Amino acid sequence: RRVLFRSYLRLNLIYLNPLWAMFGYIIYRDANKEIVITNISREVLRHKEKLKGYYISNDIFVAHKKDN
């Protein structure tokens with residue numbers, strides 16, 4: 001189990017966690033190939049120029065609807 005968890009973190013697979021989906025978050029890839037985890041709909045995201053949020057990894061960004 002430890003090896004699996006360590007690999008999960010090392011390979012940057014945090015975004016595959018099913019809890020994101022359980023809480024209404026959707027995972028997207030942006031134009032820069034970065035992963036965006038958010039509960040903002042795709043339609044609303046298309047009209048956004050900038051998102052407020054935070055990085056949980058080098059290329060995984062989290063944005064909450066309440067902050068945007």
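The largest nonpolar core consists of seven residues: Tyr15, Trp20, Tyr25, Ile35, Ile37, Ile60 and Val62. A nonpolar core is a set of buried Ala, Val, Leu, Ile, Met, Phe, Trp, Tyr and Cys residues joined through side-chain atoms within 4.5 Å. Buried means under 20% relative accessible area, exposed means over 50%, and partly exposed lies in between (1.4 Å probe, protein chains only). Two elements give two or more residues to this core, strand S2 (35-38) and strand S4 (60-63). In soluble globular proteins, nonpolar side chains tend to be buried together. The model is predicted; local features need pLDDT of at least 70, side-chain atom pairs count only at pLDDT 80 or more, and totals for chains, interfaces and linings use all residues. Residues are numbered from 1 along each chain as its sequence is written, and side-chain values use heavy atoms, with hydrogens and water left out.

The chain has three helices and four strands. Helices (H or I, at least four residues) and strands (E, at least two) are DSSP runs, numbered from the N terminus. From that end the elements run α-α-β-β-α-β-β. Of the 68 residues in the chain, 24% are buried.

The four strands form an open sheet of mixed pairing, in the order S1-S2-S4-S3. Strand S1 (26-29) and strand S3 (54-57) are the edge strands, and each pairs on one side only. Neighbouring strands are turned by 30 degrees against each other on average, direction ignored. For such angles, axes are lines fitted to C-alpha atoms, for helices over the stretch in contact, and values run from 0 to 180 degrees between N-to-C directions. Two strands pair if DSSP finds at least two bridges between them. S2 and S4 pair in the parallel sense over four bridges. Here the core residue Ile35 stands opposite Ile60 in S4. S3 and S4 pair in the antiparallel sense over three bridges. These two strands form a hairpin with two residues between them. The bridge partner of Tyr55 is Phe61 in S4.

Two aromatic pairs occur in the structure. Rings of Phe, Tyr and Trp (its six-membered ring) pair if their centres lie within 6.5 Å; planes under 30 degrees apart count as stacked, over 60 as edge-to-face and the rest as tilted. The rings of Trp20 and Tyr25 have centres 5.6 Å apart and planes at 70 degrees, so the pair is edge-to-face. Tyr25 is buried, at 16% relative accessible area. The rings of Tyr55 and Phe61 have centres 5.0 Å apart and planes at 65 degrees, so this pair too is edge-to-face. Phe61 is buried, with a relative accessible area of 13%. Tyr55 is partly exposed, at 46%.

Lys33 is found in the loop between S1 and S2. Its phi is positive, about 70 degrees, although Lys33 is not a glycine. Lys33 is exposed, with a relative accessible area of 60%.

The largest pocket holds about 350 Å³ of space. Among its 14 lining residues, the closest to the centre are Asp30, Val36, Leu45, Lys48 and Leu51. S1 and helix H3 (42-47) each supply at least two residues of the lining. H3 gives the largest share, three residues. On a 1 Å grid over the protein atoms alone, a pocket is an open set of points with protein on both sides within 12 Å along at least five of seven lines; lining residues have an atom within 4 Å of a point. A volume is the space filled by probe spheres set on the points.

How values were computed: 1 Å grid on protein atoms, 1.4 Å probe; cavity = no way out; pocket = protein on both sides within 12 Å on 5 of 7 lines; lining within 4 Å.
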